[in-house]
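Biologist: I am new to reading structures. Could you walk me through this one, feature by feature?

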2 protein chains.
Amino acid sequence: MRETDVAVLGGLSGITAGISSRRHYPDKKVLLIRKEGTVLVPCGIPYIYGTVGGPENNVIPDGLLENNGIELLKGEAVDVDREKKIITLKDGEKVKYDKLVFATGSSPMVPPIPGIDKENVFPVKKEFDYLSYLMNCMNGVKDIVIIGGGFIGMEFADECRKGRDVNITVVEAMPHCLQMAMDDEFCEDAKAKLEETGVKVLVNEKVESILGDGAVSGVKLASGKELKADMIILGIGAVPNTELAEKAGLELGFRNTIRVDRYMQTYTDPDVYACGDCAEKVSFFDGRPSGVMLASIATSEARIAGANLYSPTHQNCGAISVFSTVINDRAFGVAGVTERFVRQAGTSYIVTEAAAPDTHPGGMPNSTPTKVKLIFTKDTGTLIGGAISGGKPVGEMINVISACIMHKMTADDIVKFQMGTHPALTSSPIVYPIVNAACKAVIPLRGKQVSVH
Amino acid sequence: MRETDVAVLGGLSGITAGISSRRHYPDKKVLLIRKEGTVLVPCGIPYIYGTVGGPENNVIPDGLLENNGIELLKGEAVDVDREKKIITLKDGEKVKYDKLVFATGSSPMVPPIPGIDKENVFPVKKEFDYLSYLMNCMNGVKDIVIIGGGFIGMEFADECRKGRDVNITVVEAMPHCLQMAMDDEFCEDAKAKLEETGVKVLVNEKVESILGDGAVSGVKLASGKELKADMIILGIGAVPNTELAEKAGLELGFRNTIRVDRYMQTYTDPDVYACGDCAEKVSFFDGRPSGVMLASIATSEARIAGANLYSPTHQNCGAISVFSTVINDRAFGVAGVTERFVRQAGTSYIVTEAAAPDTHPGGMPNSTPTKVKLIFTKDTGTLIGGAISGGKPVGEMINVISACIMHKMTADDIVKFQMGTHPALTSSPIVYPIVNAACKAVIPLRGKQVSVH
């Protein structure tokens, strides 16, 4: 029987958990068991259908495993005997482990809509061959309906239009696309940017049924409207892959995720850890369970899990939730809570905004107007949320905000932030919008009248 | 006699100090007194000669003053009677103030090299007409020698070459260009990038004298070499503009800067503050005087000074020093200390590096290889320095590092950093290089053997 010190089940966060455990426990053997032949960059999947050109260009190289001294076993784990510490694979192979990490990820949610099983209806599975097949099917289609206006839906819409003569409609049940992540005004900006490309975005519209004989021919909306469609892509969320964990007797928690503590250790078994989409998460802000699934959270959890295997020391502070996306060349980033969320939670807050070009002077080439919104608690002045739209630097600007949130910086702290600035790379130091938005918060936080902007 | 509550003397950081004081004390009248007709974006000055196309495209609009209810008085302050609280201008006008802020900036250093006063030798003054004149003079020159390979010298070299048929040589006295700011390997990268454009960079070479009858014809180096030159640009540093402060009896400190405490209040007079290049600075790290002059530090100090005028509350934590630049389309950023500095200071430290493309997969368009170096104290694992080279996102990545330094984050903290990632905007979450460099530091910091990279 094959033996290992650390067995990791899964893909993306499995790689990171493996690297982390090798780094912290270089004497331990680490074996990664996964069913996928190749692991895809999950956030890169929409880009396969446009910018990147195919799934073969969106693969995480296994060299990362070799370079870090991690063994790879391709195969599907079908049973875990926690008593004997033995994993059984589909082909009958058995692996004895000392510590086990579940990093089994998530699968696309398939809603119980009548007709959902028709041909050319595609949930976005993270499987190489499946995504290649989807790419082939996309040749020659005329009308694509994307159900769900979240990040995956919006990014698929923006990418599928590239180089294709095709009508694309995004159908979103809520009043705004991207509503789970962003405040209304950013959602509206993103919608407008996508619509500029010719993509239609319908909000407040629910798909009632999928039409067609065998292959899909259209969708029927709850409003009575019908849309033509010869392909449907589902982007309505994901469910954790926790059947095996459940079978192994691990306690599940919020929305069927594996229940873990701050050390990513399962409640049930001190030798079993979990991380990524399959692991239960709590919010950084209120400690309540959070349904967020992000590659950045998954890898952060994986680093923590790998480090804790033989000595639970490193604590997970909870999900801050940092999103970024690009819609028709405009970048959007969000970190922490939205204004909608704090309003609903009843928190007293201050919200401020600042705008500036992302170069200085604004006349530098490729200058993009950039808008920042920050949310602070009223009592303590602590930064709890931020949103940005602008050009490519938004991807790292939102990380500046994430660092500020993680370390509970206040508006007063951020006013004094020493940001580097350069004409070609950033806004001017006078109007640097993260700092300027903090400046505007300082006075209202003290309960004084604001007279300047 | 004209009266104001707050008088601010100076340009860039004067604007920010004025805005800050208006924001904190909306009932107070603020008057900005400056001799310049227009204020230029200081970091934009090299770009006037290439990318931006002229000084008229590099102006800070006075609308910023009006929008914030700040009065502007153009004129040169020549005397300050602190007893009577009266400023006298060159034209005889007098202004009575209650609180006074010196934001008088700096002027280019002109070294006592024989021949320095010849025609076509240009220190880089921050004056509109002067810089226009320099631009005219640049038409038709064949050989430009830039004395000083710091940021100004390197950026001038990179910009002056654009659209001009001209030979450019940078002469640097130290072993590396940019040596005051960056570690050797980054200096060498920057040098190589600049040399790719055809610019020559001579290091370890000192200019002994400037040759020519009336107008400059060349320079003679200490090594005996001679270089042809019909224009010389000086980029060797700056000296604070503190003659007026000295005349007003304010105590000067390190390198003739105005001595201020953590509140930016002058030692000498509780009603007089100073900020920016004219104000004394201490290092964030060791509290020793620091000669760094940066627009980002100046504006941070200005925000603090403006907020403290009627109630010294906000403390300056000292200069972190965050630089960024672009040389031949490669961006470089540095925050905090360099390895050279900590080695000389005798600090026990850990240095780690990580590299990754700034998109994921790497095959996304405009993907740029990005290199990160982090420096941690060995005892506490605290991040004290970072350097990055890469593409446009470097400008904000270095600000992520600055935020981490400012809040004394440790390698363990940064390992858990929840960065947002997106295929078009950032590195992959698996290899995000700021986090990965921190991961590599964790083990050596615990005194264990590193076996993986």
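**Reading the model step by step**

Modeller: Let's begin with one residue: A:P361 lies in the loop between β26 (349–357) and β27 (369–377) of chain A. Helices (H or I, at least four residues) and strands (E, at least two) are DSSP runs, numbered from the N terminus. This is a predicted model, where local features need pLDDT of at least 70 and side-chain atom pairs count only at pLDDT 80 or more, while totals for chains, interfaces and linings use all residues. Residues are numbered from 1 along each chain as its sequence is written, and chains are lettered from A and ligands numbered from 1 in the order in which they are written.

Biologist: Is the peptide bond from A:H360 to A:P361 cis or trans?

Modeller: That bond is cis, and its omega is near -5°. In chain B, the bond from B:H360 to B:P361 is cis as well, with omega near -5°, and B:P361 lies in the loop between β26 and β27 of chain B.

Biologist: How many helices and strands does chain A have?

Modeller: Chain A has eleven helices and 28 strands. For overall size, we use the radius of gyration, which is taken over C-alpha atoms, and compare it with the globule rule, 2.2 Å times the number of residues to the power 0.38. For chain A the radius is 23 Å, close to the 22 Å that the rule gives for 453 residues, so the chain is as compact as a globular protein of that length. Along the principal axes, the C-alpha atoms of chain A fill a box of roughly 75 × 55 × 40 Å.

Biologist: Into which domains is chain A divided?

Modeller: Domain bounds come from an automatic or database domain assignment. Here they give domain 1 (2–106 + 239–308), domain 2 (121–236) and domain 3 (329–445). The C-alpha centres of domain 2 and domain 3 of chain A are 31 Å apart.

Biologist: How many residues of domain 2 of chain A are in contact with domain 3 of chain A?

Modeller: Two residues are in contact if their C-beta atoms, placed from the backbone, lie within 7 Å. By that test, seven residues of domain 2 of chain A are in contact with eight residues of domain 3 of chain A. To describe such a side, we sort residues by class: Ala, Val, Leu, Ile, Met, Phe, Trp, Tyr, Cys and Pro count as nonpolar, Asp, Glu, Lys and Arg as charged, and the others, Gly among them, as polar. The domain 2 side has four nonpolar, no polar and three charged residues.

Biologist: How do the axes of α9(A) and α9(B) cross?

Modeller: Axes are lines fitted to C-alpha atoms, for helices over the stretch in contact, and angles run from 0 to 180 degrees between N-to-C directions. The axes of α9 (residues 394–406) of chain A and α9(B) come within 8 Å and cross at roughly 5°. Angles under 35 degrees count as roughly parallel, over 145 as roughly antiparallel, 65 to 115 as roughly perpendicular and the rest as oblique. These two helices are therefore roughly parallel to each other. Residues that meet there include A:M397 and A:V400 in α9(A), and B:M397 and B:V400 in α9(B). The contact of these helices has eight nonpolar, two polar and two charged residues.

Biologist: What is the strand order in the open sheet of chain B?

Modeller: Strands of a sheet pair through backbone hydrogen bonds, either parallel or antiparallel. Two strands pair if DSSP finds at least two bridges between them. This sheet of five strands has the order β24-β25-β28-β27-β26, with antiparallel pairing. β24 and β26 of chain B stand at the edges with a single partner strand each, so one side of each is left without a neighbour in the sheet. From one strand to the next, the twist averages 10°. Nine bridges pair β26(B) with β27(B), and B:E353 has B:K373 in β27(B) as its bridge partner.

Biologist: Where is B:G92, and what phi does it take?

Modeller: B:G92 belongs to the hairpin of β8(B) and β9(B), with four residues between the strands, and takes a positive phi near 95°. In the hairpin of β7(B) and β8(B), B:K85 in the turn has a positive phi of about 60°.
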